[in-house]
Amino acid sequence: MVGESPGDVSGYSAPWFSPSRCKTHHDARNHPGCRRMKSAFILSFMRATQYTCMLLSYLIENKADKKKLVMKLKQLESSMSSGRKMFRLGNMVHAFVAARRTAALPEMVPCLCLTASHLSRALYFVCDAVLWLRSVGLQPHIDRPKWHTWATKCYYCSLLMNLARDWYEISWRLEQAALEEKTKEKFFSQKDGEELNGVKSDGLHSFLHQLVQVLKRNPPLLLDLVKNLCDLSGPLDTLGIYKTSRGVIGFCGLLSSLVGILTLASPHLKLKQ
Amino acid sequence: MEAWVRFSAQSQARERLLRAAQYACTLAGAALSRAGNGSGGSSGTLSRLQHLEAHLSLGRKLLRLGGSAEALGGAQRSLHLPDPVLRFCLTLSHLNRALFLACDNVLWAGKTGILPGLAMDKWSQRSFRYYLFALVVNLSRDVYEIRVLLERAEAARKRGKSPENRPQLQADGRIQRLRLHLQLQLQLLLQVLRDNPPLLLDLLRNACDLVIPLEKLGLCRSSPGIVGFCGLTSSVLSILTILHPWLKLKP
C-alpha cells in the first residue's frame with residue numbers, strides 16, 4: 001500500500017500538483033484533484049526533510065566544529081515533526097473512511113489486511129493527536145511515553161498488515177509464474193526426468209529468481225514492499241525489538257519518503273487497493 | 001465523513017482551519033483577560049491559549065514555505081489578463097504577497113532557531129507592510145469591480161426609468177436631491193453586492209484582514225479581541241469559498 005504511511009492522504013490517485021499547469025488533467029492548475037495531491041506532497045516533503053535532518057545530524061554529530069549545524073538540523077527536524085503532527089490532525093477520519101472502503105473488497109486476504117491496517121492507522125492518528133495536545137500544552141498531564149508507545153504499536157501493526165498484504169500479492173504471482181513455467185515445460189520438453197530433476201535441485205535459487213522476476217514485473221508492488229520494509233526500522237527500534245541507530249532510521253525514513261513522493265508524482269506506480 | 005475527507009484533503013482548507021483556530025485563540029484570550037482581569041484561575045488557561053496560538057502560527061508559517069514561488073506564478077499568470085486595471089491590481093497583489101511570504105519564511109527560520117541572530121521585529125514589520133500593500137491593492141480591485149457593476153446597473157436603471165419621474169427630481173431642493181441621489185446610489189450598491197456574492201465575500205474578507213496589519217504596524221489602535229474577531233471572520237469566509245468554489249471571485 002504505497003503512500004499510506006501516517007500523514008499521507010489515503011486513496012487519492014490524482015496527479016502531481018503542477019505550479020503552472022496540471023499535466024494530467026490538461027486544464028487550470030488549481031482544480032480540486034491537484035489541490036488534494038498538494039496536501040499529500042507537502043506532508044511527504046516534510047517527512048523527507050525530517051529524516052534527512054536525522055540522517056545528516058547522525059553523520060556529523062561527532063565532528064567538533066559542526067556542533068551548531070547539528071543543533072540547527074535537530075531544530076529543523078523537530079519543527080518538521082511537530083508541523084506534520086499538526087497538519088495531519090483529522091486524518092483518523094481519512095483512515096476510517098479508507099477502512100470502510102477496503103472492507104468491501106472481494107478478496108478475503110487483502111480485505112482483512114488492508115482493513116486492519118487502516119483501522120490501526122486510525123488508532124495511530126488518535127494517539128498522535130493526543131500527543132500533539134500534550135506538546136502544545138493543552139493537556140499537560142498526559143503520560144507522553146505511554147501514548148508514544150501505543151502510537152508506535154498501532155503504526156507497527158499497520159505496517160505488518162501492509163507487509164502481509166504485499167506477501168499475499170507476491171505469493172499468488174509466484175504461484176501463477178510457477179504454473180506458467182510448468183505449462184511451458186510440459187509443452188516444449190519431450191524428454192522427462194532429467195530436466196525436471198535439474199530444476200528441483202536449486203529450489204532456493206529458483207525461488208529467489210522467481211521472486212526477483214515477479215518484483216521486476218510489478219514496480220508498484222516492489223515500491224510498496226520497499227516502503228513498508230523501510231518504515232519498519234523506526235517502530236522496531238522504538239519498541240526495542242531490533243535496535244538500530246538514528247542514522248539507519250533516518251536513511252530508511254528518507255528512502256520511504258522518496259518512494260512516497262515518487263508514487264505521488266507517478267500515480268501508475270501506486271499499488272492499487 | 002466523506003465530506004470531511006474531501007474538504008480536509010486540500011492543503012489550503014487545512015491552513016484556513018488552522019488560521020481560524022489561531023484567531024479563535026486570540027479572541028478567546030482577549031475575552032478571558034477581560035473577564036478574568038488577571039485572576040489566578042484564568043492566567044493558566046490564558047498562557048495555554050497563547051502557547052497554542054504561537055504553535056499554530058509557527059505551524060502555518062511552516063506550511064507556507066515555498067509559497068513565494070506560487071505567488072510569483074500567480075503574478076505571471078495575471079499578466080495575461082485582458083482588463084488593464086485587473087491586470088495591474090492582481091499582478092501587484094501577487095508580487096506583494098510573494099514578498100510577504102518570503103519575509104514570512106525568514107521569520108520561520110528565525111523562530112525555529114535556524115537563523116538565530118535574526119532581527120525578528122524588523123522582519124515582522126517588513127512582512128506586515130507587504131501584507132498591508134497586498135490587501136490595499138485587493139481592496140482597490142474590489143472597488144473597481146463595484147464601480148464597473150454600479151455603472152452597468154445605473155445604465156440599466158436609466159434605460160428602464162419612466163420619463164414622468166424626472167420632473168419630480170428637478171422640483172425638489174438641492175439638499176433633498178443630494179439625499180435622494182445618495183439613497184439611490186446606496187440602494188444600487190446594496191443591489192450590486194447582493195447580486196454578486198463572490199465580490200461581497202472578497203470585499204468583506206479583505207476588509208477584515210486589513211485590521212490585522214494595521215494593528216501590528218501601529219497604524220490603527222484596536223484590541224486583540226477585534227483582531228481575533230476579524231481574523232476569525234475572514235478565515236471562515238475563506239473556508240466558505242473553499243466549500244463552495246463558485247463563491248470565489250474570479251480571476
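How many nonpolar, polar and charged residues does the lining of the second largest pocket have, by class? In this predicted model, that lining has 12 nonpolar, 12 polar and 11 charged residues. The pocket itself has a volume of about 900 Å³. Of the 35 residues that line the pocket, Gln50(A), Tyr51(A), Ser81(A), Lys85(A) and His148(A) are the closest to its centre. Helices H1, H2, H4, H5 (144-188), H8 (219-238) and H9 (246-265) of chain A are the elements that give two or more residues to this lining. Among these helices, H8(A) gives the most, with seven residues. For readers who like to picture the method, rolling a probe the size of a water molecule over the atoms shows where empty space is left.

We can turn next to the meeting of the two chains. The size of an interface is often given as the accessible area lost when the parts come together. Here, the area buried between chain A and chain B is about 3,000 Å², and carbon and sulfur atoms give 62% of that area. The contact takes 34 residues from chain A, while chain B supplies 28 residues.

On the side of chain A that touches chain B, two or more residues each come from helices H1 (32-60), H2 (67-87), H3 (91-102) and H4 (108-136) of chain A. The most is given by H2(A), with nine residues. Sorted by class, this side of chain A has 17 nonpolar, 10 polar and seven charged residues. One salt bridge is found across the interface of chain A and chain B. Its partners are Arg100(A) and Glu2(B), with the closest N and O atoms 2.5 Å apart.

Chain B, for its part, has 10 helices and zero strands. Taken along the principal axes, the C-alpha atoms of chain B fill a box of roughly 75 × 50 × 45 Å.

Most residues other than glycine have a negative phi, and most peptide bonds are trans. Lys250(B) and Pro251(B), however, are joined by a cis peptide bond, with omega at about 5°. Pro251(B) can be found in the segment after helix H10 (224-243) of chain B.

Conventions
Residues are numbered from 1 along each chain as its sequence is written. Chains are lettered from A and ligands numbered from 1 in the order in which they are written. This is a predicted model: local features need pLDDT of at least 70, side-chain atom pairs count only at pLDDT 80 or more; totals for chains, interfaces and linings use all residues. Side-chain values use heavy atoms; hydrogens and water are left out. Contact means heavy atoms within 4.5 Å. Buried area is the accessible area (1.4 Å probe) that two parts lose on being put together, summed over both. A salt bridge is a side-chain nitrogen of Lys or Arg within 4 Å of a carboxyl oxygen of Asp or Glu. Helices (H or I, at least four residues) and strands (E, at least two) are DSSP runs, numbered from the N terminus. Ala, Val, Leu, Ile, Met, Phe, Trp, Tyr, Cys and Pro count as nonpolar, Asp, Glu, Lys and Arg as charged, and the others, Gly among them, as polar. On a 1 Å grid over the protein atoms alone, a cavity is a set of points where a 1.4 Å probe fits but cannot get out, and a pocket is an open set with protein on both sides within 12 Å along at least five of seven lines; lining residues have an atom within 4 Å of a point. Grid points are joined across faces, edges and corners, and a volume is the space filled by probe spheres set on the points.
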